[in-house]
Amino acid sequence: MSKKDSKQDIRKNGCNTSSHTHHHRDKSDSQAACISVVPIFNHLEEEQMDEIMKVMKSISYKKGQMVYREGDTSNALYVVSKGKIRIYRLSESGKEQLLRILNPGDFTGELALFRESIHEAYAEAMSNTDVCMISKNDLQEFLLKYPTISLKFLSELSNRLETLEKQTTRFTTEKVDARLALFLAECMDDGEGSMEIELPMNRKDLASYLGTTPETVSRKLADFENEGYIKQKASRKIEILDLDGLLLV
């Protein structure tokens, strides 16, 4: 498949990757927010949602706090209701690899549902973030009781696997230029509309996600701008001027 043809397959997946102090929230509005934004629950009947809300725990994290660390026991599903969480791994040399960023409605910790496990990555709040937790045992009961949750769950995991496979393929077959160009294209809204995008992460995290350095990202963006493919604006905003050209990089 040519790079230009790959435009037909663009999705927004890539645009969408010690002790700590936190406080539990008792307000039901936080649980309700979790239920209403996460696809694996928001299709249920009101009574079923209420049933799930009763076993959910709400926790708030401040920017920079760890939700969990590599090696921690994995025994719950974490659902983001507000804010953002970055999931990353560290190599033996200490180099960070960003895996994905979780936005409201996204979840992590799903491996605990299928086997006894420990977390193999780190989860860090990127801003003040509200999270709902549901234990492994409680969620397994709901998966058996309401099969539609299981189907939605499998759908979400399939999308995540597709994104991970796409990212891995790009690491092994594409140059940094192409990885960055495809990422920018994926950040565009589906269909016709504005050609302006806002990067969902800073340069450091973007570089980690793409397997390069912040300096390289900045240099490549400048190259794209000099070639007339994009125009960099204030903050993280970028206007796509020539999408076809960008996809042929």
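This is a predicted model: local features need pLDDT of at least 70, side-chain atom pairs count only at pLDDT 80 or more; totals for chains, interfaces and linings use all residues.
Biologist: What describes the packing of helix 5 and helix 6?

Modeller: Two packed helices are described by the angle between their axes and the distance between the axes. For helix 5 and helix 6 the angle is about 115° and the axes are 10 Å apart.

Biologist: Which residues make the contact?

Modeller: Helix 5 brings Arg 179, Leu 180 and Phe 183. Helix 6 brings Leu 206, Tyr 209 and Leu 210.

Biologist: How many residues of that contact are nonpolar, polar or charged?

Modeller: Five are nonpolar, none is polar and one is charged. Arg counts as charged, so Arg 179 is the charged one.

Biologist: What makes helix 5 mostly covered?

Modeller: Of its 11 residues, 11 are buried. Buried means under 20% relative accessible area, so Asp 177, Arg 179 and Glu 186 of helix 5 fall under that cut-off. In the protein chain of 249 residues, 45% count as buried.

Biologist: Which residues have the most contacts inside the largest nonpolar core?

Modeller: Leu 184 and Ile 230, in a core of 27 residues. Two or more residues come from each of strand 7 (96–102), helix 5 (176–186), helix 6 (203–210), helix 7 (214–226) and strand 14 (237–240).

Biologist: What does Leu 184 touch, leaving out residues up to four places away in sequence?

Modeller: Ile 197, Leu 199, Leu 221, Phe 224, Ile 230, Ile 238, Ile 240 and Leu 246. Leu 184 is itself one of the buried residues of helix 5.

Biologist: Which residues does the second, separate core include?

Modeller: Met 49, Met 53, Cys 132 and Ile 149 are among its 23 residues.

Biologist: Does Ser 235 count as buried or exposed, and how do you know?

Modeller: Its relative accessibility is 64%, and the cut-off for exposed is over 50%, so Ser 235 counts as exposed. Ser 235 sits in the loop between strand 13 (230–232) and strand 14.

Biologist: What is the phi of Ser 235?

Modeller: Near 60°, a positive value. Most residues other than glycine have a negative phi. Ser 235 is a residue other than glycine with a positive one.

How values were computed
Residues are numbered from 1 along each chain as its sequence is written. Side-chain values use heavy atoms; hydrogens and water are left out. A nonpolar core is a set of buried Ala, Val, Leu, Ile, Met, Phe, Trp, Tyr and Cys residues joined through side-chain atoms within 4.5 Å. Buried means under 20% relative accessible area, exposed over 50%, partly exposed in between (1.4 Å probe, protein chains only). Helices (H or I, at least four residues) and strands (E, at least two) are DSSP runs, numbered from the N terminus. Contact means heavy atoms within 4.5 Å. Axes are lines fitted to C-alpha atoms, for helices over the stretch in contact, and angles run from 0 to 180 degrees between N-to-C directions.
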